[in-house]
Amino acid sequence: VDKDDMVPDMLVLPPGTDMHKHPLVTDGKVFLQGKASCMVAAALSPKPGWKVIDACAAPGNKTVHLAALMNGEGSIIACELNKERAKTLQHTVRRSGA
Ligand SMILES: C[S@@+](CC[C@H](N)C(=O)[O-])C[C@H]1O[C@@H](n2cnc3c(N)ncnc32)[C@H](O)[C@@H]1O
């Protein structure tokens, strides 16, 4: 496992690694995302106290990444059109503790 050289807090796993059932993932301590997806919140670099809108949010990986960067201070309005995917979004947010 390496630290990414561009995105803070991103860990790079060897190709083919499957962490989906690892307790760090199922307990919401680690979220699985490709680097391009990780770069979105990192590029915005929201500060604690900001108000952020995540307009197309489910399953919520960027929502919880934003929340982590904001260190639990501020608010994120996470919008999702699809009802079933909105449930997944809620589950992701709960799992993250955000
Ligand atoms: C590619 S996914 C988003 C992935 C998410 N940003 C993440 O990082 O986990 C796009 C989502 O946008 C939702 N969506 C599409 N149009 C929307 C709209 N007008 N308002 C809210 N959500 C919308 C879709 O239902 C879908 O769940």
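Analyst: A residue is called buried if 20 or more other C-beta atoms lie within 10 Å of its own, exposed if 12 or fewer do, and partly exposed in between, with C-beta atoms placed from the backbone. Ala57 counts as buried because 24 other C-beta atoms lie within 10 Å. This is a predicted model, in which local features need pLDDT of at least 70 and side-chain atom pairs count only at pLDDT 80 or more, whereas totals for chains, interfaces and linings use all residues. Residues are numbered from 1 along each chain as its sequence is written.

Ala57 sits in the loop between β3 (51–54) and α3 (61–69), where helices (H or I, at least four residues) and strands (E, at least two) are DSSP runs numbered from the N terminus. Setting aside residues up to four places away in sequence, Ala57 touches Thr63, Ala78, Cys79, Glu80 and Leu89, a contact being two C-beta atoms, placed from the backbone, within 7 Å. Of these, Cys79 is 22 residues from Ala57 in sequence, yet their C-alpha atoms are 5.6 Å apart.

Asp54 belongs to strand β3, and Asp54 is also buried, because 21 C-beta neighbours lie inside 10 Å. Beyond its neighbours within four places in sequence, Asp54 is in contact with Lys62, Thr63, Leu66, Ile76, Ala78 and Cys79. By contrast, Val25, 29 residues from Asp54 along the chain, has its C-alpha atom 22 Å from that of Asp54.
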